[in-house]
Structure formats: C-alpha cells, structure tokens
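Student: I have a two-chain model open. Can we go through it by question and answer?

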Amino acid sequence: MSTQAAAPAAVPGAQNAGGTPVIEVRGVEFAYEKGGQALSGVNFTVREGEFLGLIGPNGGGKTTLLKIVLGLLVPQKGSVLVLGRDPRALGADRRLIGYVPQDSGVRKHFPATVLDVVLMGTYSSLGLFRRPGAKEREAALAAIRHVGMEGLEGRMAGGLSGGQQQRVAIARALVARPKLLLLDEPTSGLDTGGQAQLFDLLERLRKEYGLTVVMVSHDVTALAHFAEHLACLNKSLHWHDRSELISEEVLRKVYACELDAFFIKHREHLQEFHGDHAPAGHAHGPHCDHDHGHDHGHGH
Amino acid sequence: MATITGTATKDAMDEPLSYLQAIVATPPLQRAVGAGALVGLTCACLSPFVVLRRMAFVGDGMAHAAFGGLGLGLFLISGSRSDDVAVQAITIGFCLLLALSVGLVSRRGGHHRISEDSAIGIAFSVAMALGALLITLRQRQEAQYAPNWEGYLFGSLITIGGGQVWLTLGLAAAVLAILAALHKELMYYTYDENLAEVSGLPVSFLHYLFLLLLVLTVVVSARLVGIVLVSASLVLPGLIALALCSSLGMAVAAAGLVGVLSYEAGLYASYVWNVPPGSMVILVQFALFLAATGVARVRQT
C-alpha cells in the first residue's frame, strides 16, 4: 500500500491512491503584484470522484488557488496539472472543468432567460459561428431538470433567488459535461435549507456524473458534513489524515485557521465508502510533516 | 443653405417644401438622411454591449481622442481637409493605437497597473489637447485655413460628401456582419468575461475585436455627427432596448431600430424647426429613454 511509502515529505492526498489524479498541485507559489505572497508551497492531489472542501480565512488564498487550477492565473513557481495537463493548455477541453463563480455569475440586468444562460455552457464546444441547435437545447433542458429547475427555463435569470441562480450556474457548468466541478463560495447567499439542498444536489450529481468536486467555502460546518476531505488554506496548505469524526475542537481550530491547515478524512460512512479500494490503515497514515516555521501572515 | 453647424434649413427655399420634397430636391439632405440612418444603426447596435460591459466611457474617450487624430492628420498633410481619406486614415490609426494602449495598460497591466477609466481619462484629455495644439499650428502655417471647431463637437451631417456615405455604409455592413457571426461569443464575453475564458472562448481576441469595432464606429461617426452625439448614441439606444427586451439579440435589433428612427426624427425636426439635427437626435433618444424606463417600471409592478 502506498501509505507505507508515504514518507513525511509525501504529497498530501497521495496516500489515497485510489483513483486517477484530477488535480495535481506541486510546490505552487503565487504572489500578487501589489499584495505580496498569496500562496506558498501548496501541494495536494485530488482524485477522481472525490469531494474536497477548501476552507480558510478571507485572504487565505482560496480563490487564488481556484483561479490557478482554472488556468486564469499562472503561479510563479511550482506546477499544476488538471486532468494530467497544464490548465492553460487545455484548449477546447477546458469545458471539462466546470466552474461556478463566487457570485454565481448571474447578471441581474442582463437580458437572458434561464435557458439562455445554461446554453452558454455549450458555446465553447460548438466552435465559432455555430449557433446552439436542438441537440444543445435538449442538453440544456436536461441540465435544468437535473438541478431541479424544471419549468423555470423561460424565466429571466436575473430575477431569480440566490439559490436558484446557483442552480442555474451549476446547470450551465453541467451542460458541458465536465469531469471536475469547482465551486467558489456557492453557499454564501443561501439560507440553511438552500445550503442543504445544494449539497444534496452536488452529492447526487457526483454519483450520477462521476464528478470530482472542489468547493471553496468559509462555511466550515456545512462542508464538514458533506465534503469527503477538508483542507484549510491560509497562504500555505498542510494536510492531516485523520480518522476520527470532526470534533468541536477541530472545527474551532479550523475556523480560526491559526494552525497551518487540516486535511481531514472524516465521517464514518465516507471511510466505509473508501474502504473498498483503500483498506486498513490508510486513514491513519502518517501525518504530514508540519513546517510550523512559516509565516502566518495573511496573503493578499 | 447649410450653416457651419449643419442646420437643415428651409429658409433658403422660396416656397416651403414638404420634407419629402426637400429630400428629393437636395442631394446634401439625401446624404444626411442616408448617413444618419447608418450611423444611428451602427452605434445603436453596439450600444447594448457598451452598456452591459460598462464601456460608455471608452466610447466617449475614443470620440474625443478622434479629435487628436484629426489634428495630427491636418498638421501632417499640408493643404488637407478634415474629410480627406488620408486624414481619416490617420485619425483611425491614432485612435486604434490609443485604444490598444488603453487596453494593454488596463487589462494586462504591469506593476503600475492603471484602471481603465483613469487610462481613458488620460488618453482622452491628452489627445484633445494635442488636437487643439496641432490644429492651431496648422492654422499658423496656412492663414486661410479655418478650422470647423463646432463641427468637430456637434457634427455636420448636412455638409458631408458622397464618399462619407459609402464609408459609413461599409462600416455598418462590417459591424453588423461581425455582430451576427460572433453573436454567441460576444454574448458570453459580455455576460461574464472570466466564465467565457474558463469555458475556452478566445476572450482576448473578442476583447480587442470589440474595441476595434468601437473605435472604427466612433471615428467614422464622430466626423459626421460630432463627439457629443456619438457618445449619446452609444449609450441611450442600448439603455432603451435593455429596459424592454428579454434577450440580447432582441435588444440589439431594438436598439438598431431606435437608432435609425431617432436620427431620422432628429433630422426631420431639424428641418422643420431650423435647429441643429444633433441636439434633436439626442433629445429624441432621451425622450424614448424616459418612456422606456417608465414602461419597464410599470411592467415590474
């Protein structure tokens, strides 16, 4: 088992040698031109079908990391592979990365119906000059059904509630048939019921589509309940593999994020789920070597 | 018959002619009617994008920058007039260069990134200053040259030549063809630049293509209808259409219609009341804007 080989210097996430790596981040450093260091020495791997929750304080670099994975920002140091390739060189395969931005990307005053917005997800695979046809329409309507927005396809997208806009944004990402779904603070505008619905939806989609999901949030409680893994990012990202259920104390620590970071495999049912391909002590694997000497100052 | 500000006057006629009779009888008025419709159409079709992308100030800045290009052209080519093809070409080149620098500075800025509106603010005022300086120098070289200051600001639709009409027609055709061909790409880009880029659309290409269309439209139009009217025409029809339409395609079509109608109404009013057409066009568009916002309000409740 690779666990045994996982020396302290091993890359976090690699212990779970189950699926194909979808995201591989190695030694990433990123600094904004004016704001100083945003990310330093970030290493992790996310494998096919996993649900990683990324938490951390504001300014901790969560959105920066997502943008790097998306290929919108280029790190000054280190390497990023998404689906085994440089995210900036994915070309038309960029559609394989679904992205739900922080504000759900729904423009309040833009003249577009729900169907129009979801159809945008098909644009890049259509190529230049071609308009979406019956096939794309069908796919868009199916995605709208999938996120539970059936019957609302003719409504103006800008007039929807926050939760509905999130669903539209997810449907737009889904219609391109992505392998990886990145969500930036999707729960921020939602009430508790809306959040639970969103997580249920993601769980369902993950199973049906075999999606790999990375969600950025500062809502630790919700993520702790639904995400399979939790990582905390505060400029740097360090990982723990833990077997116990998330405790009050751990949550408090994670919230504060004063300690480096946590990568927590938690929740019994998820362990069972993973027990199939990574039995025995994988979850008790050696803790990562902690470099407590690094600077805790906030990034940009 | 046409004053320097381009009033479509009927005073010179012995008998009052109806507007239609006047059009048939006077080629300058025919050109004004044709070019006005084309300028109105082109600016208006771009205006929903300008409004949604919050680029009103870009259009405004470029319209003013055109004045700098004009000054440069007049200064460099002795004996030239403002509607010479060479002067127009220099103006377009000057504005493209300026737009490109603004685009570069604000989009992929280096360590000293300047926000887009500041960059335009600088380009805008420096170009105007340069234009004023160069036109004055030109006047010194050539004492009999009388610059048409008012014409630059408020246009002179009534005094345009046939070549201008063809240029405007070519521009309108090019802009409409590109908007039609790249409709979905421009729509996604306008909706959300980041998302469009993430999904694999050539966002940089679309950014500079749209800037190019905007500059060409602004430069050609500013010569005909003036800086002030171009700025209005790039914003008001878009706002009117966006208040009423439920899709971007419809909004572009509706804005185009508003553009053509407001220019024709403005020209007609200018003929009937003997006032400058530019102000009438803007006032017509503003009245439509008030009406459209009213309708949108009523619909909401």
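Student: How many nonpolar, polar and charged residues are in the lining of the largest cavity?
Tutor: This is a predicted model. The largest cavity has 14 lining residues. By class, 3 are charged, 4 are polar and 7 are nonpolar.

Student: Now the interface. Which residues of chain B lose the most area to chain A?
Tutor: The two chains bury about 2,600 Å² between them, 64% of it on carbon and sulfur atoms. Three residues make up 32% of what the chain B side buries. They are B:Lys184, B:Tyr191 and B:Val198.

Student: Which element of chain B gives the largest share of the side that touches chain A?
Tutor: Helix 7 (162-181), helix 8 (183-191) and helix 9 (193-198) of chain B each give two or more residues. The largest share is 7 residues, and they come from helix 8.

Student: How many salt bridges and residue pairs in polar contact are there between chain B and chain A?
Tutor: In contact are 28 residues of chain B and 32 of chain A. On the chain B side, 5 are charged. Salt bridges between the chains number 0. Residue pairs in polar contact, both at pLDDT 80 or more, number 5.

Technical notes
Residues numbered from 1 in each chain as written. Chains lettered and ligands numbered in written order. Predicted model: local features only at pLDDT ≥ 70, side-chain atom pairs only at ≥ 80, totals over all residues. Heavy atoms only, no water. Contact = heavy atoms within 4.5 Å. Buried area = accessible area lost by both parts, 1.4 Å probe. Salt bridge = Lys/Arg side-chain N within 4 Å of Asp/Glu carboxyl O. Polar contact = N/O pair within 3.5 Å; in protein donor to acceptor, adjacent residues only side chain to side chain. Helix = DSSP H or I, 4+ residues; strand = E, 2+ residues; numbered from the N terminus. Nonpolar A, V, L, I, M, F, W, Y, C, P; charged D, E, K, R; others polar. 1 Å grid on protein atoms, 1.4 Å probe; cavity = no way out; pocket = protein on both sides within 12 Å on 5 of 7 lines; lining within 4 Å.
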